Amino acid sequence: MIRSGTAVRPPISRGLSDRRLALLLTLPAAILLLTFAVYPFAAAAADSLFRVDFLSGARTFLGLENYLLVLSDPEIRAAFGRSFVWTVTNVVIQATTGVGIALLLNAQLFGQTLARGLVLFPYVVPAIVTALVFQFMFNDVTGLVNYLLVDTHVVRAPISFLADPKTVLWTLIAVNCWKYTPFIVIVVLARLQVVPVELYDAAAIDGAGAWASFCQVTLPWIMPVLLVACLLRTIWTAYEFDLPYLLAFGGPLGASTTVPIEIRTLAFGRQEIGAASALAACAAILLAAGAYFYLRAYRRSEERVE
Amino acid sequence: MLRAIQYVLLLGVLVANVLPLAWIFATAFKPDTEIARYPPTILPHAPTLANFRNLFTISDFGAYLGNSLIVSGVTTGATVLFGMFGAYSVSRFYFPLTRGLGEFALFAYLIPPILVVVPIAQIVIRLHLADNLAALIVIYTAILLPFALWVLRSYFRGLTVDIEQAAMVDGCTRLGAFLRVVVPQATPGLISTGLFTFNAAWSEYLFASVLLPSPDKRTLSPGLVLLMNQTGVYSWGLLMAGAVIVVLPVLVLFVIAQRSLIRGWGAGALAG
């Protein structure tokens, strides 16, 4: 047997060369990503310039007509507006309650370990289960929420949370926050557990109260990870399909149709592949801007940690 | 005083988190007449398994369950396997392809499924692969692979290369050292990646609803939507029984592997 002291690389004669092995190990992942991440973007960009027949794939060149349609259609504009409200409200509520819950779970209360486990639970519940149980609980006839509200005289008549165009989007936001706030909690809690105690001691010596030490020590300490977590949540929320769709299917009267739901309706309901692709392209441009900020914040937070 | 407020808040948070789950389970075991009762009963007065029996007899729920198990199981295996290979390459080799894959995985992790579903559906339909579970498995693997690459890459980077090198010096090939030394060390990371993948595939709705049009080919999420529409005035007992079956495996996995899951997901989101 050949012994080569500290050599890392085995002699070529034994097994595959590093180059071949690297190629072999990387290839399946690379092929899958190219086929299902790179190609679809290229295909959508191309399709957005054509009228595409859904079944045959036959194309008629339209130029930018699909984009003009997408940007001028009042329904689609309304969907952009809803997506904006949906995303901003969701992220703001999740960030603030998420930080609050993380602080609560880090306050050395009795039962903390159990509470930490239970609080994370909504995050793993499948969207269909979340949708089913909240449709049931928010139902105007048999729903538990309406029963409690009427019984405690908070409202006089049951509210049709999901069936009223005025309340549906806010109800969806509430349910979405229930499911995804734990993400912020996980991230912030992990960070809170490693705050250097000296920082608080120093703040205390300077005479800082609870609020001041929160602002001067805790908040700056959690900020890098909170920022990245919020950007991730912004991207995922803006393009989220499953939960809002399963709760209200875009209705009633389109009142919960956000951009992702509109894309699906255009493509698979009205079979307008070109218009759907143009809308997806517009959404992708917004995503690219978001991803740019995400990467920048990520690098910066990494630098700060080092 | 502050402590009292904190405990009240904590209790409020816990109730909000657990109540919906408890309500699913309570309702699933109530007969329809009891579900419609006003005021509602909290625990079932006359617990029954009728909802579960009906679920399997009047609907294709058994088929949905089987399809979901196949799709999620195979997807998990494939994602962990290819993710493990790719992440090892990315963390140990510095060839252009491996480096490109490492950087691209972060970007691909952010791609929202809704932006790629239309072109992917067109390919699948034109290749006459609609209703084909294998096509769905390939797509799920591709979608979930970036996360696996990302988490496992940081996991492999954290492992010391000394033992691996010692094994190679002692006559192991690199592949042998990878399989015999690195993989056993990385088992906790592989398990948490697998659980995440399983949960994601088990819960997915968008692709499944588009690519599996026939009722008996559906997975659980689109299957339950079909059931929801068919029952008209919703039969909540039936639907909650379905929800129990969908959420149960997730709960079991979650309880078993909670610690490693939280560590892995935190790492996946934020660590390099």
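How many residues does helix 5 of chain B have, and how far does helix 5 reach from its first C-alpha to its last? Helix 5 (residues 96-110) of chain B has 15 residues and reaches 22 Å, close to the 21 Å expected at 1.5 Å a residue, where the expected span is 1.5 Å times one less than the number of residues. Helices are DSSP runs (H or I, at least four residues), numbered from the N terminus.

This is a predicted model, in which local features need pLDDT of at least 70, side-chain atom pairs count only at pLDDT 80 or more, and totals for chains, interfaces and linings use all residues. Residues are numbered from 1 along each chain as its sequence is written, while chains are lettered from A and ligands numbered from 1 in the order in which they are written. The model scores ipTM 0.89 and pTM 0.88. For chain B, the mean pLDDT (the predictor's confidence in each residue, from 0 to 100) is 86, and 94% of the residues reach 70 or more.

Helix 5 of chain B has a kink of about 30°, centred on Phe104(B); the bend at a residue is the angle between axes fitted to the seven residues ending there and the seven starting there. Among the buried residues of this helix are Leu101(B), Ala105(B) and Tyr109(B) (buried: 20 or more other C-beta atoms within 10 Å of the residue's own, with C-beta atoms placed from the backbone). The buried residues of helix 5 pack against helix 4 (61-92) and helix 7 (133-158) of chain B, together with helix 1 (18-47) of chain A.

The contact takes 80 residues from chain A and 82 from chain B, two residues being in contact if their C-beta atoms, placed from the backbone, lie within 7 Å. Helix 13 (residues 236-270) gives the most to the chain B side, with 14 residues.

Conventions
Helix = DSSP H or I, 4+ residues; strand = E, 2+ residues; numbered from the N terminus. Buried ≥ 20, exposed ≤ 12 C-beta atoms within 10 Å, placed from the backbone.
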